[in-house]
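Subject: Structure handover

Hello,

Here is the structure you are taking over. Please open it alongside this message; my notes follow below.

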Amino acid sequence: MRFERGPLGLCCAMSIEACALNVQKGDPDRFAATMTLPLHQRGPLFVLYAFNLEIARASWVTAEPLIARMRLQWWSDALDEVYGGGVVRAHEVATPLARVLRAQEVPRALLDRMIAARIAESEGAPDWDTQAFWAYLGDSAGAILGAGAALLGAPAPDARMGAALGLARYWEALPALRAAGRAPSLLRGGGDPDETALHARITDLSSTAIEGLRGAPVVAPQVAVLRSGWLARGVLRRAQAQPSAVLSGQIRPSPFRAHLSLGLATMRGRWEA
């Protein structure tokens, strides 16, 4: 493999470029945030986010939970190879993933938690209570933050940060999940015309997440990985005040405001504006 310094830093150029392109197409918020970072930080995060996309797709490319689990088992087996120190299967994401994980001490438990969250999703419409829902957010968004911080040599962000940033992203996805019949039990709605109970639940969950953001400490080395959630606080505040915007799919700010806030965060050296 050929190494060179390019727009993504010192890396195996072709593999990292493929990961970056996947993230650009499948996770544009994380792509935009990562492109604001110094060159040497971009490559490892693009690989991690590409891995997340691969496992996230498992339950969407098939309606059969067994097939989704088989796809996720493939990735679990790949991690066995990575952490076992042997030869890793050739794949445009698995190959660079092995390289970046072996370059830093990233606990395997974080990657396993990411896979576990996608296994839970593969069951269709999960029967989660509030506690199980928060656990899912921690295993998905929270584990991504922890792994990203480890890749950059930073301490793991407070667990409340992962839950809050994960909830903001979940609110953006909720209309599609409900349309597909895949929303968890506590967010399906009970059939009353104005969905009062569901609105109250969205408000309560958003309030808890906002309080978590207020109380969670942030140190400078964590900024790079937290910046992927630069929109979170605004999304949560709007969901708290206007839960109907979550259900109607109108919870995001305009593209202009989103890019402006990312630019301000970058200029100020913060994870959010």
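How many cavities of 30 Å³ or more does the structure hold? The answer is one. Please keep in mind that this is a predicted model.

**The cavity**

The largest cavity has a volume of about 130 Å³. Its lining is made up of 13 residues. Nearest the centre of the cavity are Leu165, Arg169, Ser228, Gly229 and Ala232. Three helices, α2, α7 and α8, each supply at least two lining residues. The most comes from α8, with four residues. By class, the cavity lining has seven nonpolar, two polar and four charged residues.

**The largest pocket**

Next, the open sites. The largest pocket has a volume of about 820 Å³. It is lined by 30 residues. Those closest to the centre of this pocket are Ala56, Arg118, Glu121, Arg169 and Ala173. Two or more lining residues come from each of α2 (28-34), α3 (39-56), α6 (108-121), α7 (130-151) and α8 (159-179). Which element gives the largest share of this lining? It is α8, with seven residues. The lining of the largest pocket divides into 14 nonpolar, six polar and ten charged residues.

Note Arg169. It is listed among the residues closest to the centre of the largest pocket, and also among those nearest the centre of the largest cavity. Helix α8 likewise gives the largest share of the pocket lining and the most to the cavity lining.

**The second largest pocket**

This one holds about 390 Å³ of space. Its lining counts 16 residues. Leu231, Gly234, Val235, Pro253 and Arg257 lie nearest the centre of the second largest pocket. Both α11 (232-241) and α13 (255-268) supply at least two residues of the lining. The largest share is from α11, at five residues. The classes here are eight nonpolar, two polar and six charged.

Two helix pairs deserve a look, and α3 is in both.

Take α3 and α7 first. Their axes are 9 Å apart, and the helices pack at an angle of about 155 degrees. That is over 145 degrees, so α3 is roughly antiparallel to α7. The crossing of α3 past α7 is right-handed. On the α3 side, the contact involves Pro44, Leu45, Leu48, Tyr49 and Asn52. These meet Ile144, Ala147, Gly148 and Leu151 of α7. In this contact, seven residues are nonpolar, two are polar and none is charged.

Now α3 and α6. The axes of these helices come within 9 Å and cross at roughly 25 degrees. That is under 35 degrees, so α3 is roughly parallel to α6. Here, too, α3 makes a right-handed crossing, this time past α6. From α3, the contact uses Leu48, Phe51, Asn52, Ile55 and Ala56. From α6, it uses Leu111, Met114, Ile115, Arg118 and Glu121. The contact of α3 with α6 has seven nonpolar, one polar and two charged residues.

Over to you.

Best regards

Conventions. Residues numbered from 1 in each chain as written. Predicted model: local features only at pLDDT ≥ 70, side-chain atom pairs only at ≥ 80, totals over all residues. Heavy atoms only, no water. 1 Å grid on protein atoms, 1.4 Å probe; cavity = no way out; pocket = protein on both sides within 12 Å on 5 of 7 lines; lining within 4 Å. Points joined across faces, edges and corners; volume = space filled by probe spheres on them. Nonpolar A, V, L, I, M, F, W, Y, C, P; charged D, E, K, R; others polar. Axes fitted to C-alpha atoms, helices over the stretch in contact; angles between N-to-C directions. Parallel < 35°, antiparallel > 145°, perpendicular 65-115°, else oblique. Left-handed = near helix turned anticlockwise from the far one by under 90°. Contact = heavy atoms within 4.5 Å.
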